[in-house]
Amino acid sequence: MLFSSTTFILYFLPVCIIVYYGILKKFRTAQNVFLTFASLFFYAWGEPKFVLIMLLSIIMNWAFGLLVNKYKGKNKITTRLVIAATIVFNLSILFVFKYLTFTGNIFVNLFNLSVDVPKITLPIGISFFTFQAMSYVLDVYRDNGEAQKNPLNVGLYIAFFPQLIAGPIVRYETVAHEIKHRKETVDDFFDGFTRFIIGMAKKVLLANSFSVFADAAFNNIDGLSVAGSWFGAICYTFQIFFDFGGYSDMAIGLGKMFGFHFLENFNYPYISLSISEFWRRWHISLGTWFRDYLYFPLGGSRVKKPRLIFNLFVVWFATGVWHGANWTFIIWGLMYFVLLVAEKLTGLDKRKSKPLGNVFRWIYTMLFVVLGWVIFRADSLTDAWQYIGVMFGVNSNGLGDAVVLRDIVNTWIYLLFAILFSTPIVLKIKEKWNLEKPVFQIFKCVAVVLLFVLSFASVTSSSHNPFIYFNF
């Protein structure tokens, strides 16, 4: 079930709000039970059989959490065995459903075997909820949250519908206290609802619009001009940001409506002046997960240079693999590994420049970000290299054409808003001016209502509603 669907907006969300704040208003345990089962229903809507995997994950990680809580500080060996079992169990589920077919094909091609590799359907959001499940056990082990005796509370954390299928990856320590002791307020509810509408507008008005032009370019590489290839790559650059960023806004807003406060997942990544800064601003929940649960345990950056390079290689290889079972994702991750190593060894990740130098740093950063998105979006490495070749004039159909000029004219308003909302200009205006005055509040309400009407009209009038991160 998509947040940006009539089923969710007209039925699922209103029912959840009415039951949660009406019938069960004074019963926290009942509210948690209701949200857990509502979330499982939400997940089962598209493919009911996969809810069994979710239930298995909840039960096993609940048990691992109790065992870790029982033995930590008392029996180091047993505790480590439980942690190891947690990691093996969760990664095994991820491997079977996400990477087994890919790995099988590699072996078949490598050894020229005449074996049919089974195609396994990927459960939606498995990468997100698997990492959250591991976070629960690891945070209990680190005393960053209490072990839940009630498995339904673990189920609420892992399966809570706002962040279930597309993140952000919510660390257990972030919401451990709020599972039992959250406080809902009217201000939080309406702030959350406003954030949900803004996120939906980003998703259906901007991301969906850019996806049409990005798909047209990537599906017709042979017919692209240089300008057409760059236009398609830029459209995808905006599509993936407003697609994933918008969905994260909706998730954060929905969580706030029910008293949960998730951390931010994006912080204007396209204004970054280095690749290191870009990854501090993009998909923050994934970056901090790998940092705290993989990079730091490996030794982080406080090690000798060869070890630092190894640590970065492991993290960025894992980042590429996390995104999907395709060589494109692995190469994409390793590209960032090379760039980040170069920045750390040269100090570029910390260096400050004069305004002109910052312009060149931004161009360098965004050049590699855009090229990275081409690799990320392409169906294969062959397609990625071909597309990049066209961008730089290799086997292209000229420098420009009438089609790309027409597309730019047709999308100028979307490009204008995309550039505007990719920067903190609006935030700076809010900080500089006193927007608490009644006239500004009225304008805000009108703007939010207008965004909702436009977004809902788009949802009901178009069947084109793709979502990139459902694949992960």
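Student: Is N395 buried or exposed in this one?
Tutor: N395 is exposed, at a relative accessible area of 69%; exposed means over 50%, buried under 20% and partly exposed in between, with a 1.4 Å probe and protein chains only. This is a predicted model, where local features need pLDDT of at least 70, side-chain atom pairs count only at pLDDT 80 or more, and totals for chains, interfaces and linings use all residues. Residues are numbered from 1 along each chain as its sequence is written, and side-chain values use heavy atoms, leaving out hydrogens and water.

Student: Thanks! Where does N395 sit?
Tutor: In the loop between α16 (381–391) and α17 (402–421); helices are DSSP runs of H or I with at least four residues, numbered from the N terminus. Phi of N395 is positive, near 55°.

Student: And what about phi at Y268?
Tutor: Y268 also has a positive phi, about 50°, though it is not a glycine. Most residues other than glycine have a negative phi. Y268 lies in the loop between α10 (226–257) and α11 (275–281) and is partly exposed, at 23%.

Student: Switching to α12: where does that helix bend?
Tutor: At R291, by about 40°; that is the angle between axes fitted to the seven residues ending there and the seven starting there.

Student: Which helices do its buried residues pack against?
Tutor: The buried residues of α12 pack against α5 (126–141), α11, α13 (305–323) and α14 (327–346), with contact meaning heavy atoms within 4.5 Å. Among those buried are W289, F290 and Y293.

Student: What comes just after α12?
Tutor: G299, with a positive phi of about 125°.

Note on methods: Helix = DSSP H or I, 4+ residues; strand = E, 2+ residues; numbered from the N terminus.
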